[in-house]
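Subject: Handing over the structure

Dear colleague,

I am passing on the structure shown below, and after it I set out what was found. Please read the notes with the structure open beside them.

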Amino acid sequence: MSVDIRTNSVKPIRNTFAHLARRFGDKPASRYQEIAYDVQSEVNFHYKPLWDPDGEIYDKRRTAITMADWYALKDPRQFYYGSYTTTRAKQQDALDRQLDFAEKRDLLRQLPEEVRAQIVFALLPLRHYEWGANMNNCFISAYGYGTAITQAAIMATTDRLGMAQHISRIGLLVDGNSGESLTRGRALWIDDPAWQGLRRRIERLFVTRDWFEVMVAQNLALDGLVYPFFFQQFDKHIAASHGTGLSTLTDYLLRWHEETAKWVDATVKTAAAENEQNRAAIVGWFLAWREAGIDALKPIAERVLGDAAEAALGAVAAQLDARAAKLGLKV
Amino acid sequence: MAADGDLKPIKKLSLKENYALLTRGLGWEPTYEKKEEIFRTIDFEGIKIHDWEKWEDPFRLTMDAYWKYQGEKERKLYAIIDAFQQNNGQFNVTDARYVQALKLFLNGIVGLEYASHRGFNILGREFPGVGPRIAAQMQAIDELRHATTQIHAISHYNRFFEGMADFPHQFDRVWYLSIPKSFFEDAVSSGPFEFIVAISFAFEYVLTNLAFMPWMSGAAFNGDMSTVSFGFSAQSDEARHMTLGIEVIKFLLEQDPDNVPLVQKWIDKWFWRGYRLLALLATMMDYMLPKRVMSWSEAWTIYYEENGGALFADLARYGIRPPKYADVTIKEKQRVSHEMWSIFYSVRNAVGFPVWLPSAEEMDWFSEKYPDTFDRYYRPRFEHWRELEEKGTPFTNMTLPQLCQVCQWPCIYTEPDDPTEFVHRETEYQGETFHFCSDGCKDIFCNEPEKYVHAWLPVHQIYQGNCFPEGADPTAPDFNPLVAALQYMGIKPGVDGGLMSQHVDASRWEQWTSRPANLHEGAITQAVRKTT
Amino acid sequence: MSNIQPVFIALQANNDTLPIIEAICSDNPQAQVNEYPAMVKINCPGRMVIRRSSVEERMGRDFDLRELQINLISLAGEVDESEDEFVLFWKA
């Protein structure tokens with residue numbers, strides 16, 4: 001039905017929702033703002049959660065961090081579900097072409113056996129690291145406070161599943177779809193002494209109850225070491241003698257990390273700047289998990305880089321420290 | 001591994017193999033921390049799971065495919081929403097009366113979608129198996145999608161109509177919105193297995209088709225392309241969720257025979273709780289859509305009695321029977337929307353949207369669709385109320401109603417076998433008397449009284465003086481507690497409720513469109529009278 | 001209980017779903033099509049199959065059954081999905 005309306009003369013009676021007008025004034029709000037702010041219930045809860053009888057369903061006390069306004073923890077990428085999925089779909093489309101190319105040219109299968117073994121040793125256990133990171137981000141989205149943080153965290157959760165599956169695909173390109181490399185990667189993760197430090201830390205995070213500590217530990221400290229180490233340092237090491245076949249596939253992970261780091265950094269920086277207690281707690285967590293991360297990576301680095309391990313890890317740690325300094329975490 | 005230079009052709013993977021390789025085996029048995037410390041909430045309900053690997057993923061969706069298909073759906077949806085906004089599509093809907101239903105949607109449903117997101121986040125973290133955890137995580141982000149797209153689809157209406165601007169504030173405070181709020185908080189505050197049976201099975205599988213398919217088709221019929229687009233797009237995610245719902249039930253029932261009575265208890269509880277929640281949709285379908293696709297009674301027959309019948313026939317092999325009090329829902333299907341609309345009409349000054357009486361033509365439609373009840377019980381009431389309106393003394397009730405301790409509806413339902421007798425059930429717990437709208441709700445209370453005594457019942461809270469805006473002075477001589485309570489809820493007295501014919505949405509609509517604000521009544525302003 | 005309990009699939013009524021609906025009707029002689037505003041609901045007793053090859057034939061291009069998701073509104077029945085077939089069924 002087409003209607004003849006003098007629509008040009010019709011002026012809206014308001015430009016946005018009242019809760020957004022109170023924050024930003026009565027002007028059209030972005031689609032990000034419409035979902036990110038205030039949608040979570042705040043008051044008048046009905047029942048005590050059977051899984052936490054002393055708490056409320058949504059409870060600010062599930063972290064030591066305090067915020068006058070939890071909606072200060074906004075996502076600089078301004079992802080809402082639609083922009084998130086269409087962005088990922090586009091990236092995946094480009095990645096699919098890379099994967100297709102690598103498969104058709106047998107880019108990874110053609111590498112010498114010891115190089116393939118190195119790739120399997122260094123990268124395939126990371127499937128499980130990603131699965132652990134998936135669980136830790138889901139913890140944040142389950143128990144965090146406010147729409148802004150839970151929506152970004154569930155996107156990070158599904159991202160980590162996507163990264164685990166992407167690493168699996170790299171494995172399948174190495175083993176020609178037999179799945180042997182995945183089995184091997186899993187055995188390494190579970191039993192190989194070099195990998196136990198990292199697995200132990202991930203399991204430690206599974207029992208860490210403060211969701212903001214999990215945020216700092218997983219998304220800043222551990223990822224801030226793991227991603228540059230494997231996808232820059234290790235990748236450089238392979239590329240130096242065997243070309244960039246692998247790099248075309250790991251570049252995606254690196255770029256995903258850079259993008260997500262914007263959200264992680266903004267969240268940590270804002271919370272640390274809120275008050276001195278927050279800053280002290282975050283610095284404490286950061287230092288402890290940074291140490292733990294370096295400690296965990298050492299044996300893996302020695303196995304894959306030999307004499308170059310120390311320099312590589314040093315470079316990675318320096319990069320992380322510089323990033324932390326920018327977030328106001330004086331180290 | 002293949003030797004250099006002698007590569008066998010790569011084996012082509014089927015969808016199932018690809019999913020299995022990419023997903024299975026991601027999890028591992030922890031050894032550095034105790035499993036019961038990692039998964040702390042899966043034991044207390046008494047459900048026994050022996051092998052999480054027995055879980056089957058019906059859709060086998062890897063993240064790349066998820067992003068691809070969901071991204072495609074979102075592109076289509078936002079293209080429509082953009083076009084709708086650019087063309088002022090809000091004026092293409094049937095009338096301003098239709099828009100009132102959207103207020104219930106935005107104020108009452110968005111909060112549920114978000115709560116559902118949180119509930120599935122918990123499952124996505126707490127289930128020990130990889131398959132169920134992924135399924136829960138995908139649903140968690142889907143539910144976030146639904147909250148998001150609902151806000152975006154309705155956002156434009158908010159710029160032209162009253163009563164939607166403060167939806168998060170209202171969801172937490174308005175007396176009848178505690179019905180949906182308490183429903184989902186009941187589920188989220190339960191253990192993970194009860195939550196998934198409640199939401200994935202009892203609510204999504206058994207009940208949501210009934211709500212969304214006829215309702216969204218109704219939105220299309222009334223020209224609301226924005227709402228129908230998000231509705232159908234959301235419902236396509238529901239198709240996955242419902243499949244999860246049935247998978248969950250089969251998995252729980254197959255894991256251990258001891259799970260059967262627990263699951264049955266939850267099906268009984270959540271079927272009834274969900275059914276009561278849907279009374280809101282029954283009312284929207286029958287009374288608020290200017291052009292109707294089908295009646296609530298017809299929808300209940302198709303989507304519960306026929307499709308639900310097929311489902312429970314399938315589950316009989318596990319020893320599961322249809323939900324308790326399903327027979328009552330069938331007896332009530334000829335009454336529930338009429339009883340609901342009567343209560344909204346009579347307390348219209350305390351609700352966030354205006355109401356109206358059905359026109360003569362609409363009453364004829366009801367007579368046809370509700371042959372056993374409408375002419376006998378409801379037509380005389382509405383005709384009497386219309387006479388009072390015409391005399392300028394419309395019937396109104398300023399006393400806030402007694403609420404049911406469980407579903408939180410006013411206790412206005414009638415006896416299953418006698419539509420003229422109000423149901424009133426009560427019980428004592430720890431020296432206090434609690435009231436219920438039905439045997440179904442009373443049973444739910446009696447199974448878990450320690451939970452339901454905590455219910456935040458708005459009418460009780462208002463009378464206890466807990467619902468006044470900040471800075472209100474109850475000792476002031478001109479203090480009106482009801483007005484103060486409405487302000488607390490975010491309802492503007494004199495603007496938001498009342499009669500449609502006197503409402504500002506109606507007069508604006510007629511000025512803007514030159515069409516009657518209520519399709520079924522004559523114009524109320526000169527703006528239309530001049531042009532028609 | 002015999003396997004005659006109805007399964008159904010509901011699709012958005014648009015240009016993309018026309019060939020899918022035709023394919024369903026041709027592969028499931030017992031299918032019964034109900035049209036509603038903006039929606040088509042197809043019921044079938046016991047079992048309904050959507051064949052990729054039948055859809056492709058009518059669509060004139062490759063079709064991935066997962067594309068069903070884009071225009072799907074709802075369904076009833078258990079699901080079994082492979083590259084070639086999307087099946088809805090009741091076991092009872």
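In chain C, strand S6 and strand S7 (residues 85-89) pair in the antiparallel sense over four bridges, where helices (H or I, at least four residues) and strands (E, at least two) are DSSP runs numbered from the N terminus, and two strands pair if DSSP finds at least two bridges between them. Within this part of the chain, Val79(C) stands opposite Leu88(C) in S7(C).

Please keep in mind that this is a predicted model, in which local features need pLDDT of at least 70 and side-chain atom pairs count only at pLDDT 80 or more, while totals for chains, interfaces and linings use all residues. Residues are numbered from 1 along each chain as its sequence is written, and chains are lettered from A and ligands numbered from 1 in the order in which they are written.

The strands of chain C belong to an open sheet of three, in the order S4-S7-S6, with antiparallel pairing. Strand S4 (47-51) and strand S6 (78-81) of chain C stand at the edges with a single partner strand each, so one side of each is left without a neighbour in the sheet.

Turning to chain A, helix H6 (residues 147-175) has 29 residues that should span 42 Å at 1.5 Å a residue, and its end C-alpha atoms are 42 Å apart, which agrees; the expected span is 1.5 Å times one less than the number of residues. H6(A) is mostly covered, with 29 of its 29 residues buried (20 or more other C-beta atoms within 10 Å of a residue's own, C-beta atoms being placed from the backbone). After H6(A) comes Gly176(A), whose phi is positive, near 65°.

H6(A) also packs with helix H7 (residues 180-191) of chain A at an angle of about 125°, their axes being 7 Å apart (axes are lines fitted to C-alpha atoms, for helices over the stretch in contact, and angles run from 0 to 180 degrees between N-to-C directions). The two helices, H6(A) and H7(A), are therefore oblique to each other, since angles under 35 degrees count as roughly parallel, over 145 as roughly antiparallel, 65 to 115 as roughly perpendicular and the rest as oblique.

Finally, 80 residues of chain A are in contact with 78 residues of chain B, contact meaning that the C-beta atoms of two residues, placed from the backbone, lie within 7 Å. The largest share of the side of chain A that touches chain B, 14 residues, comes from H6(A).

With best wishes

Key
Buried ≥ 20, exposed ≤ 12 C-beta atoms within 10 Å, placed from the backbone.
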